[in-house]
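Let's take a friendly walk through this chain, one piece at a time. Keep the picture beside you as you read.

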Amino acid sequence: MQQVLEQVLAQGYVHLRGIVGDTLEFTESLGEVFRPLQDESPIVTMKIEGNDLVANPYASCRTPELSLHTDYATFPVPPRFTITHCIDPDPEFPRKGLSIVVFIAPVIEHLRTHAPSLLRVLRTGEFPFRRNEEHALYHATTPTYPILDGEDRVRFDRTLIVPHLERSERPDRAALIDAVIHFERLCAERGERVEIALDRQEALIIDNRRVLHSRSECTMRHDEGRTVSREVNLAFLV
Ligand SMILES: [Fe+2]
């Protein structure tokens with residue numbers, strides 16, 4: 001395994017500078033690229049486009065802060081590494097559009113001593129993960145997984161779990177919703193949070209199974225008929 005990936009496994013994340021080339025080329029130089037749809041480009045470009053829920057259905061392209069999550073949480077085996085390659089930083093860089101990494105080890109430690117029953121639910125609960133848009137593209141049915149596996153690898157995204165539970169008639173739905181909300185709050189309050197200001201030609205690589213991540217509020221600027229906003233390329237390694 002590439003030394004930089006070993007570093008990510010040891011530290012949870014690595015912030016790299018001077019990534020001048022093409023995102024796919026860089027990703028391929030590191031390891032096996034995760035391709036959710038075999039026939040399409042595995043690079044996902046995320047450009048901030050405003051805060052209109054209809055025009056921009058993807059939260060990642062809207063300006064407000066994202067909720068804490070892991071990537072591809074609906075997949076049987078989510079990618080191990082997420083690579084965020086910055087094309088253009090937020091116009092108010094480094095104040096806005098920060099990448100956020102949250103280590104959950106202190107949260108698990110807290111759960112172990114103060115809320116073992118919640119820890120049990122997170123490890124054994126059958127949480128449904130359903131993408132509201134385009135779910136059928138990836139999955140015929142709604143998969144269920146625990147939030148923490150036997151090795152405390154995390155899989156989490158409230159926005160994929162809670163809306164589905166709210167519509168379901170499962171007898172344990174209230175308990176599972178409660179567990180999700182409680183876990184998210186503990187991560188925000190007790191998780192170890194690191195903020196990374198990614199500048200142009202910089203990349204952030206995170207261990208997608210050991211940390212949660214999000215992005216802080218973004219802004220947009222209209223400059224002589226041109227819209228300037230944060231734009232990143234995302235790529236994933238298996
Ligand atoms: Fe993400």
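Start with helix 4 (residues 116-124), where L119, V121 and L122 are buried. Here "buried" means that 20 or more other C-beta atoms lie within 10 Å of a residue's own; "exposed" means 12 or fewer, "partly exposed" is in between, and the C-beta atoms are placed from the backbone. Looking down the axis of helix 4, you find its buried residues within an arc of 160°, so they line one face of the helix; the arc is that of the directions from the helix axis to the C-beta atoms. On the face turned away from this buried side sit the exposed residues P116, S117 and T124. The buried residues of helix 4 pack against helix 3 (105-114) and helix 7 (173-190).

A word on what you are looking at. This is a predicted model, in which local features need pLDDT of at least 70 and side-chain atom pairs count only at pLDDT 80 or more, while totals for chains, interfaces and linings use all residues. Residues are numbered from 1 along each chain as its sequence is written. Helices (H or I, at least four residues) and strands (E, at least two) are DSSP runs, numbered from the N terminus.

Now step back to the domains. An automatic or database domain assignment gives domain 1 (1-99 + 193-238) and domain 2 (105-190). Their C-alpha centres lie 23 Å apart. Across the boundary, 14 residues of domain 1 are in contact with 18 residues of domain 2, where contact means C-beta atoms, placed from the backbone, within 7 Å.

What lies between the domains? A nonpolar core is a set of buried Ala, Val, Leu, Ile, Met, Phe, Trp, Tyr and Cys residues joined through C-beta atoms within 7 Å. The largest one has 42 residues, of which Y13, I205, I206 and L212 touch the most other members. Helix 7 gives the largest share of this core, five residues. Both domain 1 and domain 2 give residues to the core, so it lies between them. Beyond its neighbours within four places in sequence, Y13 is in contact with residues including V101, L204 and V211.

Finally, look at the strands. Strand 4 (residues 99-103) pairs in the antiparallel sense with strand 9 over five bridges; two strands pair if DSSP finds at least two bridges between them. S99 has R215 of strand 9 as its bridge partner. Strand 4 also pairs in the antiparallel sense with strand 7 (residues 192-196), over five bridges, and there I100 is partnered by E195. As for strand 9 (residues 211-215), four of its five residues are buried.

Methods: Two residues are in contact if their C-beta atoms, placed from the backbone, lie within 7 Å.
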